[in-house]
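I opened my notebook to look up charges and aromatic rings. My entries follow.

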Amino acid sequence: MPKKRSGGGLTGTQQAAKFLGVSVLSGAVLAGIALPAAGALGLAAKGTVQGFDEIPANLKRPPLSQRTTILDSQGGSIATVYSRDRTVVPLSDISPYMQKAIVAIEDSRFYEHGAIDLKGVLRALNRNAQSGGVAQGASTLTQQYVKNVFVEEAGDDPDKVAQATQQTLGRKIQELKYAIQVEEELGKKTILENYLNITFFGQQAYGIEAAAQRYFSKPAKQLTLAESAMLAGIVQSPSRYDPVNDVQEATKRRNTVLQRMAAVGDVSQTEADRAKATPINLKVSKPKNGCITAVDGAGFFCDYVREVFLSDPVFGKDREERNKIWNRGGLTIRTTLDPQAQKSAQESIKDHVYQSDKVATAVTMVQPGTGKIVAMGQSKPYGFGKNETQINYSVNKGMGGSNFGFPTGSTFKPFVAAAAIEQGKPPTQVYPSPYQMPYPSSVSTCSGKPWVNQGDTVENENESEVGPYALREAMEKSVNTYFVQMIGEIGMCPVVEMTNKLHVVQGNDEKLPEVPAISLGSKGVSPLNMANAYATFANRGIYCSPTAIESIRTADGKSLAVPKSKCSRAMAERTADTINTLLRGVVDSGTGQEAGLKSRDNAGKTGTTDGRKNAWFVGYTPNLSGAVWVGSASQQVEMQYITIGGRYHEKVFGGQVPGPIWKDAMSGALEGHDAPRFVEVSIPDAPKGNPDQGKPKPGDNGKPGDDGKPGDSDGADDPWPGISIPPDLIGGGNQRGQGNGGNGGNWPR
């Protein structure tokens, strides 16, 4: 017999029962509360509600978090991502057995009572009073649905989840008021449908469709009686009744559900017994969540799509709002990724660079004129294991890439040439181009404050590379001193203005510094940035910002606005056509011959950086641009006497390793596509003087030798016909590796 308090008063449990009965009869709502003792009422302090009428009347029913599917440009699946693995389905797509099983075990009088089951409440209170604790609850399916909505709203925030599930009287009253509203507004069938779609079934499966796929690899519509009973039994305690980890406990629980179904008349006893005799036969589908599951090595592109969504204001006013939309999911995102190009890029990567190599490669392809990213891959896969990484080598740091990008070497030279041509320099421009020289003593900048050489020097790859050279040959041979002299004459500002128009920035999104060494690619840039800048040449001078998303459709079929490529003219058509003609020479007879495509017009540029820590090939056809980088993300590996992709290299050059990767990737990507032609510009051969011309003599402080050959200072108005040397172009100190703008060493091709 329950104990009385001193003075003959009622016990805490009896008071709770009396309070509950009065509340129900008076129209207040308080069902489903399992009350162990007086202290659990939660009527004190923060657990109370100030007034029943102050509780909001409108129940928030947010769209349920679902999986988002990311598709390629042809509609093929790249990956599914989700915070909740859920696919919402209508009641008609859920097995009738499942509908009956969940009602039988969770709320067998569901169709007979309203939001509150008074009989269930009294039964639970009586049972709890007898046990002196919480032995039984009395929540209806509707009340459980309301609680699940609160949990869904809380998302993955542990504090909000704790608040949504707190066992206080105030919280219960709020839930019950909402439950009454839901019953009035939705009706039983919709409540059941919503409940089956929102509830958690363990193993990362939210909702019945995901649960059916997870445990049985079939849609919810095809669930059998035994399968339905097993899934219905999981809901009460997903960890305890998990059939993957404890099939015996899951079987007992399933049989309890089957017996309950027989007891309430949903199935006959014979049917229940037959189902009980059936062993649980799982066909588990492992969760496939996230970009790590992407096909054809597209994990990094998948991650880039996510970063685009979270960073672009078109999807929400701030990152928090965009993150909520992303986590809610239910989106179908069609991207720009071309499956043919992606497969070709990944196959080329695997053929030329192994995952276990000391260095890595990244390949990115962009469509000129649209900015569409059609391929993005790398040799170190997306993952968390050995020789895997979460760093996307193709993009800037803010989009998941490396901290600073990778020095581009001579692939930067076309930007200098384009700037010079825009300034009126002819493609026949000739400079002395000695093998070795100091940087110009000073170079003008946009700020008006000139860059001043502090003793930096530059040299060509080979001692035999001695000018004078015209632009075509200097580009084909990648003559370093030529482009340093060019930037010394035109100044830094035209080059910086050109790279700004091409949106070329460092990997950390900072603008390039105004120092002459950038003419040789001394600063880090991402492969996507380079591929897209070169696409501007292919597009005859019109720059288009890169895009990754074609369209987005929500779970209810609505279309969302997506970022569009923004195009602007970066240079004159004639300038772009001239660069295209110059870079065709690189693949036809220059340093990029190993990259050249034989079946279509193509152009490109090689690049290798100081110490051979990075090697590049960036090239394009009129309808596709691609950048290939090879190196170590840590920038600690010098690619000399090294084996890459099973091939030994004494020295790595841009045309030697990245070039063939580019060639194979582009060939496969373009197979079956049109082969348009470049608009070619006729570039006449420029006069070339004596091979020794331009070699500095000892004691000349970097100036051409006074040996009676063209260029001697004899007072003539045009001492070197066809060769432009502005005042003080070649000057400065003769100490290598010192100063504020040089490369501190050899910048090979």
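**Surface charge**

I found Asp296, Glu347, Asp351 and Asp664 gathered in a surface patch of negative charge. Patch residues have over 30% relative accessible area and no salt bridge, and like charges are joined within 9 Å. A salt bridge puts a side-chain nitrogen of Lys or Arg within 4 Å of a carboxyl oxygen of Asp or Glu. I placed Glu347 in helix α14 (residues 339-352). Helices are DSSP runs of at least four residues (H or I), strands of at least two (E). Glu347 is partly exposed, at 44% relative accessible area. Buried means under 20%, exposed over 50%, partly exposed in between (1.4 Å probe, protein chains only).

I noted that the model is predicted: local features need pLDDT of at least 70, side-chain atom pairs count only at pLDDT 80 or more, and totals for chains, interfaces and linings use all residues. Residues are numbered from 1 along each chain as its sequence is written, and side-chain values use heavy atoms, leaving out hydrogens and water.

**Aromatic rings**

How many aromatic pairs does a search of the whole structure find? I got 20. Rings of Phe, Tyr and Trp (its six-membered ring) pair if their centres lie within 6.5 Å; planes under 30 degrees apart are stacked, over 60 edge-to-face, the rest tilted.

Phe415 and Tyr534 pair edge-to-face, 5.8 Å centre to centre, with 80 degrees between the planes. Phe415 is in helix α15 and Tyr534 in helix α19, so the pair ties together parts 119 residues apart in sequence. Phe415 is buried at 0%. Tyr534 is buried at 0% too.

I also logged one aromatic cluster: Phe412, Phe415, Tyr534, Phe537, Tyr620 and Phe678.

Definitions and conventions: Patch = residues over 30% accessible without salt bridge, like charges linked within 9 Å, V, L, I, M, F, W, Y side chains within 5 Å. Areas by Shrake-Rupley, 256 points an atom, 1.4 Å probe, with all protein chains shown as cover. Lys, Arg positive; Asp, Glu negative; His and termini not counted. Charge placed at Lys NZ, Arg CZ, Asp CG, Glu CD.
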